[in-house]
Amino acid sequence: QVQLVESGGGLVQAGGSLRLACVASGRTFCWYTMGWFRQAPGKEREFVAGISRSGGSTDYADSVKGRFTLSRDNHKNTVFLHMNSLKPDDTVIYYCAEDYSLANIGLRSRNFHEYDYWGQGTQVAVSS
């Protein structure tokens with residue numbers, strides 16, 4: 001059974017840090033491109049970051065570039081989103097997702113429609 005489980009969300013003050021984790025199960029993790037998206041109520045899901053199958057390539061939305069770092073541990077079937085210098089605008093639900101068909105990180109991997117499987121989401125709240 002395919003499953004993605006996020007953790008690590010919570011409440012933090014502006015300028016603080018959080019580390020989100022997403023553990024995958026049910027298939028060969030290293031075959032999948034991984035992405036993080038976030039979604040505010042009433043808005044479309046927004047790309048945050050993506051990482052290639054090997055972890056050698058990453059891509060970030062302009063809004064988080066320089067503050068967030070995405071990494072993966074294929075031995076532990078886990079992807080990590082390190083979030084630093086958090087802002088109140090980062091307050092939303094964060095979702096991890098995976099896709100088998102994406103061979104590279106690029107424009108397609110920024111599109112949430114490309115992804116096959118999704119986690120249940122984890123809430124991040126940043127107070128000012």
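This is a short walk through one protein chain, from the overall build to a few single residues. Please keep in mind that the model is predicted.

I start with the whole chain. The protein chain has 11 strands and 0 helices. Read from the N terminus, the order of elements is therefore β-β-β-β-β-β-β-β-β-β-β. Along the principal axes, the C-alpha atoms fill a box of roughly 40 × 30 × 25 Å.

Next, the inside and the surface. Of the 128 residues in the protein chain, 42% are buried. The chain exposes about 6500 Å², and 47% of that area is supplied by carbon and sulfur atoms. As for charge, there are 13 positive and 12 negative side chains. The centres of those two sets lie 4 Å apart.

How much of the contact in this chain joins residues at least 24 apart? Among contacts between residues at least 6 apart in sequence, the share is 60%.

Now the cysteines. The structure holds 1 disulfide. The partners are C22 and C96, with their sulfur atoms 1.9 Å apart. C22 is in strand β3, residues 18–25, and C96 is in strand β9, residues 92–99, so the bond ties together parts that are 74 residues apart in sequence. The torsion about the S-S bond of C22 and C96 is about 45 degrees, so this disulfide is right-handed. Are C22 and C96 buried or exposed? Both of them are buried.

There is also C30. C30 is partly exposed, at a relative accessible area of 34%.

The loop runs between β6 (58–60) and β7 (68–73), and S63 lies in it. S63 is partly exposed, with a relative accessible area of 35%. Not counting residues up to four places away in sequence, S63 touches R38 and E46. For a sense of distance, S63 and S127 are 64 residues apart in sequence, and their C-alpha atoms are 18 Å apart in space.

The other residue is R67, which lies in that loop between β6 and β7 as well. Is R67 buried or exposed? R67 has 10% relative accessibility and counts as buried, since the cut-off for buried is under 20%. Leaving aside neighbours within four places in sequence, R67 is in contact with H82, M83, N84, S85, L86, K87 and D90.

S85 is found in the loop between β8 and β9. Its phi is positive, about 50 degrees, although S85 is not a glycine. At 39% relative accessibility, S85 counts as partly exposed.

N77 shows a positive phi too, of about 55 degrees, and N77 is not a glycine either. N77 has its place in the loop between β7 and β8. With 24% relative accessibility, N77 counts as partly exposed.

K76 is found in that loop between β7 and β8, where β8 covers 78–83. K76 is exposed, and its relative accessible area is 57%. How far is K76 from A24 in space? The two are 8.7 Å apart, C-alpha to C-alpha, while 52 residues apart in sequence.

Y100 lies in the loop between β9 and β10, and β10 is 117–118. At 45% relative accessibility, Y100 counts as partly exposed. Which residues does Y100 touch, not counting residues up to four places away in sequence? They are W31, Y32, R53 and D116. Q13 and Y100 are 87 residues apart in sequence and 36 Å apart in space, C-alpha to C-alpha.

To sum up, this is a predicted model of a chain with 11 strands and 0 helices. The chain has 1 disulfide, formed by C22 and C96, and both of these cysteines are buried. That is the end of the walk.

Conventions: Residues are numbered from 1 along each chain as its sequence is written. This is a predicted model: local features need pLDDT of at least 70, side-chain atom pairs count only at pLDDT 80 or more; totals for chains, interfaces and linings use all residues. Side-chain values use heavy atoms; hydrogens and water are left out. Helices (H or I, at least four residues) and strands (E, at least two) are DSSP runs, numbered from the N terminus. Buried means under 20% relative accessible area, exposed over 50%, partly exposed in between (1.4 Å probe, protein chains only). Contact means heavy atoms within 4.5 Å. Accessible areas come from the Shrake-Rupley method with a 1.4 Å probe; for residues, only the protein chains shown count as cover. Lys and Arg count as positive and Asp and Glu as negative; His and the chain ends are not counted. The place of a charge is taken as NZ of Lys, CZ of Arg, CG of Asp or CD of Glu. A disulfide is a pair of cysteine sulfur atoms within 2.5 Å.
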